[in-house]
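Please go through it with the model at hand.

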Amino acid sequence: SIYERFGSECCLSTGEVIKVIGFKINKLIASICENNEVSQFSAKVELPLNFPGLYKVVADKTPYVSIEEITRKVSIGPTRFGHPCFYSPEDIKLANLTIKRGEHITFNSVEDVSGTMVVNCVVLRNNQSHSFTLPLSQEGKFYECEDDQIYTLKEIAEWKIPKCRNRIVKLSNTLHKWDSSNPLPENFDGCLILTPVYEVQAVMKFRKDIVRILSDLDVEVKDITDCYDVSSFLQPLSLEDVFERTSKEFPVVAQIMEGPSESQKSFKFLDTGNEIIIYKKYQATRVLASEIRSDSPKRYFLIPMSYKGKFKRRPREFPTAYDLEIARSEKEQLHVVATKAFDSPHKELFSVSVGDQFLVQQCQTSEVLYKGRKKLIDFLACEQILGDTYKKVLLPMYMEGRFVEVIHDKKQYQLSEICKEFRLPFNVKVSVRDLSIEQDVVAAVPGLQFEEEITDSYLLISSASSPVESWEIPVYRLNMCVHLLSKDVQTAVPPVTKTKVEEISEEQYYMVRRYENQTLRSPPRPPKKPT
């Protein structure tokens, strides 16, 4: 059988031995969903995995009848997505723990314990984690828990569609403007039923790339696993697979079986067939920055702490007095000008006019008279600037005005200085570009907001043919596949490390923020106006 895929012809000859390494969703067929069923007026549309948008997963109402069925159909793994949650409508009694009905059980990993396959699980009680194992033989009804996270279609296809089942998702954020090429109706914000279309991923004896075979290809095959030496085939590894190896296993030499797509190819030597040296794995800090602009689309960046450019401050904007309290610091006094008027309902507190200037002092609490009753409220003590004199005033913390920072500081800062001396978010512009970077993509941006410091996973690599410099590549944002070679690395010490400012898409921006903040508590809400 001869078939063509992406312009590349592949021949499956009679007697050809193929090692199947996985099944992957190639595309999704979507139908508009009403009451958990396909709408009778809905036409089926084909969605590529890179179709823009963020989606929430609707919990499957059909139960699983055993732990074994869950492990067979649901993706469980070491990455952020591989920890599904289920609950049982009945109590589960274990040797030293009883899982109460309705409790959320997080499935973390599958392992062999003394010849018995079990799932390592966790339940959370009173903010304390309780670990236990469930054997695959455990039977009962297990239902999916509601999931409040948001995902791209690609993440849903890879992690959130169980085998032999469809998946209902709800559109959370379109991330793009509707146009005539969009297969979904204009202003659509409902639910979709996603039906996966699979492809078979395989390796062949005399090819050094991954062969992708559509699941509807008309070809007959025979299972010869039990009578063939499968170790003679190449073992493809994703960057996540490489990162899961122990630190002692590095450095290693690898050959690229499948390089990143053209849109991701920021390194010239990451072409399919090239050999690379992977020196080590580690966590590295980046500053997440967004372009300051009122219209969309914004640009987003991950800036390494080693960035050698310099920044000057730009004014911050604050929507409420509460935001002024969050932003003030002991290092310098916050000076702002009001750009929106506010009439205070309390005679004890100040009414603001456009153009009023204030030096922010501190938060205080006091009683005020409101509709004939005394109320205890928080307010912000400030000094109003009146020419050469100052007047002490009190602003209600719930006040919804607008303030713009007045900058007196003309100093140029390194990135590390800003992160150490100021509280993020923080507004800047590049005053001196980083001359060590061939293309400094943030230098031409008129204004940047440093939003937060994030920690991410990286591999340090170089070209094996000319290892004159090494680069950090992100594990979770670069799609490529390698296989390890049994070659010795000439030197375990990597050459001089080069870093890049990484421009990321809007979807990746939301993903990065979600990963960083998923374990943090939500910030306190601003005080409400008394009633």
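R286 places its charged end over the ring of Y458, 4.3 Å from the ring centre. The criterion is NZ of Lys or CZ of Arg within 6 Å of the ring centre and within 35 degrees of the ring normal. R165 does likewise with Y64.

| Charged residue | Ring | Distance to ring centre |
|---|---|---|
| R286 | Y458 | 4.3 Å |
| R165 | Y64 | 3.8 Å |

The model is predicted: local features need pLDDT of at least 70, side-chain atom pairs count only at pLDDT 80 or more, and totals for chains, interfaces and linings use all residues. Residues are numbered from 1 along each chain as its sequence is written, and side-chain values use heavy atoms, with hydrogens and water left out.

**Aromatic pairs**

The whole structure holds eleven aromatic pairs. Rings of Phe, Tyr and Trp (its six-membered ring) pair if their centres lie within 6.5 Å; planes under 30 degrees apart are stacked, over 60 edge-to-face, the rest tilted. Y300 and Y509 count as stacked because their ring centres are 4.1 Å apart and their planes stand at 25 degrees. Y300 belongs to strand 21 (residues 300-304) and Y509 to helix 6 (residues 506-517), so this pair ties together parts 209 residues apart in sequence. Helices (H or I, at least four residues) and strands (E, at least two) are DSSP runs, numbered from the N terminus.

Y300 is buried at 6% relative accessible area. Y509 is buried at 8%. Buried means under 20%, exposed over 50%, partly exposed in between (1.4 Å probe, protein chains only).

Y413 and F422 make an edge-to-face pair, with centres 5.4 Å apart and planes at 85 degrees. Both residues are buried. Elsewhere, ring pairs link Y64, F86 and F107 into a cluster.

**A buried glutamate**

E405 lies in strand 28 (residues 400-405). How accessible is E405? Its relative accessibility is 5%, so E405 counts as buried. Its side chain makes a polar contact of 3.1 Å with that of R313. Such a contact is a pair of N or O atoms within 3.5 Å; within protein, one must be able to donate a hydrogen and the other to accept it, and residues adjacent in sequence count only if both atoms are side-chain atoms.

**Nonpolar core**

The largest nonpolar core has 25 residues. A core joins buried Ala, Val, Leu, Ile, Met, Phe, Trp, Tyr and Cys residues through side-chain atoms within 4.5 Å. Among the members touching the most others are L324, V352 and F403.
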